[in-house]
Amino acid sequence: MDLIKKSSSEAEVITVDVHAAKDLLHQGHYHYLDVRTEEEFKNGHVENALNIPYMFNTPKGRVKNPKFVDQVLAVSGKEDHLLVGCQSGIRSVYATTDLLEAEFKHVCNMGGGYIAWIGNGFAVKKPLPVEL
């Protein structure tokens, strides 16, 4: 497994590449937490993903979701294994850091995000086409 460790102020974020991420999800060890906006998620996502946005789009640009950790806690325990992903792998690093600092024990970041996932031809769930 290709692990890249990135240091933050207190928490140590472990980043796995999309191939390792796919294996972790396939083996059932981890749940996929998609931290993209609802709009991004609706356009396509990793199957069985849970969507809790780390940031929201506003007229003034993106702002951090102030209830992010609480929303994750509402659906997941601190001992659960979570694989965190976003569009390109940037927001998910910040989200993973916040979760680790909130004492989640088994959280890792998916490097490259959804772009890398689809770039490798991995299966995704997309909305059904709208017939006119």
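Just after helix α1, glycine 28 takes a positive phi of about 80°. The exercises below concern a predicted model, in which local features need pLDDT of at least 70, side-chain atom pairs count only at pLDDT 80 or more, and totals for chains, interfaces and linings use all residues. Residues are numbered from 1 along each chain as its sequence is written, and side-chain values use heavy atoms, with hydrogens and water left out.

**Exercise 1. The chain as a whole**

State how many helices and strands the chain has, and in which pattern they follow.

Solution. Step 1: helices (H or I, at least four residues) and strands (E, at least two) are DSSP runs, numbered from the N terminus. Step 2: the chain has five helices and eight strands. Step 3: along the sequence, their pattern is β-β-α-β-α-β-β-β-α-β-α-β-α. Step 4: of the 132 residues, 41% count as buried; buried means under 20% relative accessible area, exposed over 50%, and partly exposed in between (1.4 Å probe, protein chains only).

**Exercise 2. Helix α1**

Determine which residues of α1 are buried and how they are arranged about the axis.

Solution. Step 1: in α1, which spans residues 18–26, the buried residues are Val18, Ala20, Ala21 and Leu24. Step 2: viewed down the axis of α1, these buried residues fall within an arc of 155°, so they line one face of the helix; the arc is that of the directions from the helix axis to the C-beta atoms. Step 3: the cover over the buried residues of α1 includes β2 (12–16), β7 (81–85), β8 (106–110) and α5 (113–119).

**Exercise 3. The largest pocket**

Describe the volume and the lining of the largest pocket.

Solution. Step 1: the largest pocket holds about 320 Å³ of space. Step 2: 14 residues line the largest pocket, and the closest to its centre are Leu25, His26, Val46, Glu47 and Asn48. Step 3: the elements that give two or more residues to this lining are α1 and β3 (31–34). Step 4: α1 gives the most, with three residues. Step 5: by class, the lining has nine nonpolar, three polar and two charged residues.

**Exercise 4. Serine 76 and aspartate 80**

Find where serine 76 and aspartate 80 lie, and decide whether each is buried or partly exposed.

Solution. Step 1: serine 76 is found in the loop between α3 (68–75) and β7, and aspartate 80 also has its place in the loop between α3 and β7. Step 2: serine 76 counts as buried because its relative accessibility is 8%. Step 3: aspartate 80, at 30% relative accessibility, counts as partly exposed. Step 4: a polar contact of 3.1 Å joins their side chains. Step 5: a polar atom of the side chain of aspartate 80 lies 2.9 Å from the backbone nitrogen of glycine 77. Step 6: the C-alpha atoms of aspartate 80 and histidine 106 are separated by 6.3 Å, although these residues are 26 apart along the chain.

**Exercise 5. Asparagine 109**

Identify the element that holds asparagine 109 and the side chain with which its side chain makes a polar contact.

Solution. Step 1: asparagine 109 has its place in strand β8. Step 2: at 1% relative accessibility, asparagine 109 counts as buried. Step 3: its side chain makes a polar contact with the side chain of serine 92, at 2.4 Å.

Technical notes:
Contact means heavy atoms within 4.5 Å. On a 1 Å grid over the protein atoms alone, a cavity is a set of points where a 1.4 Å probe fits but cannot get out, and a pocket is an open set with protein on both sides within 12 Å along at least five of seven lines; lining residues have an atom within 4 Å of a point. Grid points are joined across faces, edges and corners, and a volume is the space filled by probe spheres set on the points. Ala, Val, Leu, Ile, Met, Phe, Trp, Tyr, Cys and Pro count as nonpolar, Asp, Glu, Lys and Arg as charged, and the others, Gly among them, as polar. A polar contact is a pair of N or O atoms within 3.5 Å; within protein, one must be able to donate a hydrogen and the other to accept it, and residues adjacent in sequence count only if both atoms are side-chain atoms.
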